[in-house]
Amino acid sequence: MRYKDTTELEISSLLEVIYQKYGYDFRQYSEAHIRRRIMNKLRMSGLENITQMQSMVLYDETFSASLLQDLSITVTEMFRDPGFYRSVREKVIPLLKTYSFIKIWHAGCSTGEEAYSMSIILQEEGLYDRTTIYATDFNQQALNYAKQGIFSNKMMKEYTSNYQLSGGKESFSNYYISDDNNVIMNQSLKKNIVWANHNLVTDSVFAEVHLILCRNVLIYFDRNLQNKVQKLFYDSLIDGGILCLGSKESLRFSEFHEEYSELDKQQRIFKKKY
Ligand SMILES: C[S@@+](CC[C@H](N)C(=O)[O-])C[C@H]1O[C@@H](n2cnc3c(N)ncnc32)[C@H](O)[C@@H]1O
């Protein structure tokens with residue numbers, strides 16, 4: 001048996017307290033990720049040790065809210081990994097066109113850039129009016145931001161380039177209006193997006209959906225938790241439904257590997273077998 005070091009023990013006790021007090025379950029997140037974030041928080045907050053941090057979690061809600069933010073990494077972009085969206089256009093959209101209504105689930109949507117990117121593709125492909133996009137995350141602050149659809153215009157150069165590389169058919173600036181600091185996404189892109197708080201670890205199956213996108217989320221989970229979430233995805237998809245994991249994730253070690261065929265090997269896009 002391998003004995004845990006003191007820091008590991010302190011961290012697992014801290015995660016238990018977070019779970020018991022706030023219901024956020026980080027106990028099966030990847031150890032390396034959690035350790036890095038907690039040690040970073042320790043340095044930044046000037047606390048002496050993790051045990052002190054644990055009592056802050058018990059008695060200081062403001063501290064706890066900021067710790068929860070730190071544990072959930074919300075980095076995202078519009079048309080992030082343009083090759084992925086190119087593949088969605090070429091391989092996924094033709095399949096979606098065969099349905100008279102379409103339900104899409106963006107799991108771990110962060111501040112919403114991914115869902116707005118999908119809305120743009122669906123509009124260009126003439127599918128938006130028959131689609132509902134469920135965009136979910138367990139980070140309410142990120143969801144509140146997503147709902148507004150207001151982004152810094154500093155990012156627009158990069159997003160425009162991503163959009164073009166992804167096979168965009170219009171001028172990207174058609175999709176927003178800008179002021180001095182920000183851009184506001186067109187209202188028409190939001191109208192079929194339902195933003196909802198959903199925790200992949202503790203909440204249950206989500207509607208019967210045709211397409212699930214969950215990119216850059218499972219990398220933070222350990223193998224057991226990845227499997228648990230893969231079951232959730234499998235149970236949420238209709239037969240023939242599509243699962244998009246993106247190039248950083250894998251289905252290879254999952255017990256559901258055999259239940260899907262591969263639509264795009266590199267972008268990890270799979271189709272649930274009938
Ligand atoms: C790095 S972002 C990825 C955003 C987007 N999918 C992308 O690829 O650009 C990871 C997101 O997963 C969310 N997340 C982490 N654990 C989660 C959980 N248990 N349930 C729901 N969302 C979770 C985080 O809050 C964060 O917004």
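How far is an oxygen atom of the ligand from an N or O atom in the side chain of threonine 76?

Reply: That distance is 2.5 Å, from an N or O atom of the threonine 76 side chain to a ligand oxygen. Before going on, keep in mind that this is a predicted model, where local features need pLDDT of at least 70 and side-chain atom pairs count only at pLDDT 80 or more, while totals for chains, interfaces and linings use all residues. Residues are numbered from 1 along each chain as its sequence is written, and side-chain values use heavy atoms, with hydrogens and water left out.

Back to the site. Tyrosine 29 puts a polar side-chain atom 2.6 Å from a nitrogen atom of the ligand. With arginine 215 it's the backbone: an N or O atom there lies 3.0 Å from a ligand nitrogen. The protein buries 99% of the 600 Å² that the ligand exposes when taken alone (areas by the Shrake-Rupley method with a 1.4 Å probe).

As for the rest of the protein, its C-alpha atoms fill a box of roughly 55 × 50 × 30 Å along the principal axes.

Conventions
A polar contact is a pair of N or O atoms within 3.5 Å; within protein, one must be able to donate a hydrogen and the other to accept it, and residues adjacent in sequence count only if both atoms are side-chain atoms.
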